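This report concerns the structure displayed here and is meant to be read with the sequence beside it. Please look over both before going on.

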Amino acid sequence: MLMRARRDLTMAEAARGTGGARLDHLLVADMVEPGSRVLDVGCGDGELLKLLEARGVDGRGIELSREGVNECVAKGLAVIQGNADTDLADYPDDAFDYVILSQTLQATQHPRVVLEHLLRIARHAIVSFPNFGHWKIRLLLMFLGQMPTTANLPDTWYDTPNIHFCTIKDFRALCNVVGAKMEKAVALDPWGRPLRFNAPWWFWNLLGEQAVFLLSRRV
Amino acid sequence: MAETKLRDQRDLRLRESEQPHSPVMHFGVDEPLRLDAGVSLAPFQIAYQTYGTLNAERSNAVLICHALTGDQHVANVHPVTGKPGWWESMVGPGKPIDTERYYVICPNVVGACMGTTGPASLNPETSEVYGLDFPVITIRDMVRAQAMLLDRLGIETLFSVAGGSMGGMQVLQWAVSYPKRVFSALPLAAATRHSAQNIAFHEVGRQAVMADPEWRNGRYFADGTRPHRGLAVARMGAHITYLSDAALHRKFGRKFQDRENPTFSFDADFEVESYLRHQGSTFVERFDANSYLYLTRAMDYFDLAADYDGVLANAFRGTPTRYCVVSFTSDWLFPTSDSRAIVHALNAGGARVSFAEIVTDKGHDAFLLEEPELFAIVRGFLDGAGRARGLNGAKG
C-alpha cells in the first residue's frame, strides 16, 4: 500500500494541463484578475510568471536560486534574486494587487512574518503549500515511525529546505492569527485536480495533497 | 628605436584627442554644455562610434556608456593600441547586443582623452592644452553631453542604455535624468554612489599622479614632460581593485617571472609584479594623466540619491524604464550589496526590474570578460524588452 501511495504521488507530480502548463499554475493563474500587478515570491524557473504575462498580467518575481533567476531573466521576465524571509520587507505597502507564494511557505524561516508581509504589500495573497495532514503522510509516519518522504516531498528530514511543514488546519489557524480573510481555498488530489468544493475542512485536510488559498486583508 | 616608437605612440594619442579616428560632433559657443560646477563648456566636441543601422522608426538605438579608462571603440580595433574593441564579446553581429538588430552608439565621455573635449584638449581661449583649467565634471555632465549628441543625431528615445562600472553610473543617471528617453537600462557592476573605500582608492591614484615631478601641476604638455610614472602607479593600484584575490592567485600565485629563485632585489621577481608593471606602462601610452584625475573625480562625486533628499527610491519613482541589474560575486569594488541597493530602490519606486548575481572569481572586471551567463541574461533581457517595444526582428 505504501508503494501505491508513492506511485500516486508521482502521477500527481506528472499531471499537466492543456498547453503544457502545470495544473497548480493554471489554478493559481485563474485566481488572478487580468491586468493586475503580481509579485511571485519563489518563482522558480518563471513558468507561472510566463503564464500570467500571457494573460496580460504585469508580473515580477523573486527567486532564491541563482540558476532560477538567471533562467528567468534570460526569458525576459522581471525577476530578482532574493529571499522571502529578508527581501519582502523592502517592498512598500500596496505595491501589488496580488502576491503569490507557491510551495515556499514551508521553507521560510518565519512563515508568520512572511504571511504578514504578503498581506501588507498586496491586497490579495495566493499561498500554496503541501498539506502535511494528507492521509498518506499520516500513514507513512504512523506505520514507518519516521519522517515521511514522498515523490512530492522527497528530501530526508536532515537535508530538506522545508523547515516549517503545516497541515491545512494549521494554515487556517495562522490565517486567523494574522487576520487574513480566506476568500477561496482549494485542496488538490494526488493528480493535481481540485477536490469537491463543498467538502468539510477535515475532509480536505485528510485528502488534499496540497492546498491553494486566496487570502485578503481583513479590513 | 624604442624611444622613437614611444614618441610616435604619444603623438598618435595626442592627435587622437583632437582629431580622433571616429566621427566627431562639434558644438559651438552658442550650444554650451552647462556643467554641475556652475560653469559652461563651449565650444566642445564629442567623439563617438556607431555600429549597425538605425531603423526607420528610430526605435532601435542602444547607447553604450564606457567605464573610467574605456572609450568609444567598443567593437573595432583601437586606433592607438591596435587591440580589439573593449566590449567585442558583448557587442557585434550576433552578439548579445546585436548590431544586426540594434543601432549601437558609444560616445567618449566629456573629460576623457579620445576625442571628446577634456583636459588634454586645446582651450580655445588660450590656444593651449586645458590641463587643470578644465572645469571639474560630473557623471550628470557626461550624460547631459550625451543627450545633446543624441538630439543632434535625431534620436529621441533609446531602446536601451548599457554600461558597467562608471558606465553603469551613467546608465542610472540617464534613467533618472531622462526617464522618458530610456526604454530599458542595463547597469552592470554599478552603484548609485561611490563608496568611501572607492573614493579612497581614487585619491591614492590621484596622489600618485600628482606626486610625479613631471606632472608640473597639470601643465606637463606646456613643459614637454609626462607624468608617466605617477599614472602607471595609479593604474597598477586601481588594476588590483578590478580583480580579486582568487583571480590573482589563479593567474599568478607566487610564481616567479622568468627565474628559478628570488634575486634578493626589488626587481620584478614575481609574475604578478611583472604583470602589474606591464599594465601600468601600456596604460600611460593611451591615457592622459589629467583625464584620469577628472574622471575619477566625477565618479567620486556621484551620488544619485543626493538630489532626492537622500532617498534613492524617490529618484526612480514612477520610472517607466525596464531595468536589468547585474553584479558579480567576487566584485569587491562595486559589490553585490551596491546592486541590491539599486534593486531595492527600484522596487520601492515600482519599477520593472530584473537582478542577477553571477558567480565568478574575476572580480569587478568580469563585466568586460567572457561570462556566458552574463551574455544569456543580457540577450534575454533585450529580447524581452524588444518584444515589449515592438522591435522588428526581436526574437520571440
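Predicted model: local features only at pLDDT ≥ 70, side-chain atom pairs only at ≥ 80, totals over all residues.

Residues are numbered from 1 along each chain as its sequence is written, while chains are lettered from A and ligands numbered from 1 in the order in which they are written.

Chain A has nine helices and seven strands, where helices (H or I, at least four residues) and strands (E, at least two) are DSSP runs numbered from the N terminus. Of the 219 residues in chain A, 42% are buried, that is, 20 or more other C-beta atoms, placed from the backbone, lie within 10 Å of the residue's own. Among the contacts in chain A between residues at least 6 apart in sequence, 66% join residues at least 24 apart; two residues are in contact if their C-beta atoms, placed from the backbone, lie within 7 Å.

Two helix pairs are set out here, with axes as lines fitted to C-alpha atoms over the stretch in contact and angles running from 0 to 180 degrees between N-to-C directions.

| Helix pair | Angle | Axes apart |
|---|---|---|
| α2(A) (residues 23–31) and α3(A) (residues 47–54) | about 45° | 10 Å |
| α6(B) (residues 228–242) and α8(B) (residues 271–286) | about 125° | 8 Å |

The angle makes α2(A) oblique to α3(A), a class for angles that are not under 35 degrees (roughly parallel), over 145 (roughly antiparallel) or 65 to 115 (roughly perpendicular). H25(A), V28(A) and A29(A) in α2(A) meet E47(A), L48(A), L51(A) and L52(A) in α3(A), and the residues of this contact divide into five nonpolar, one polar and one charged. Nonpolar here covers Ala, Val, Leu, Ile, Met, Phe, Trp, Tyr, Cys and Pro, charged covers Asp, Glu, Lys and Arg, and polar covers the others, Gly among them.

In chain B, α6(B) and α8(B) are likewise oblique to each other. Residues making their contact include L231(B), M236(B) and H239(B) of α6(B) together with L276(B), F283(B) and V284(B) of α8(B), and by class the contact has seven nonpolar, five polar and one charged.

Between the chains, 22 residues of chain B are in contact with 16 residues of chain A. On the side of chain B that touches chain A, α11 (336–348), β14 (352–358) and α12 (372–389) each supply at least two residues, the largest share, nine residues, coming from α12(B). That side has ten nonpolar, six polar and six charged residues.

Conventions
Buried ≥ 20, exposed ≤ 12 C-beta atoms within 10 Å, placed from the backbone.
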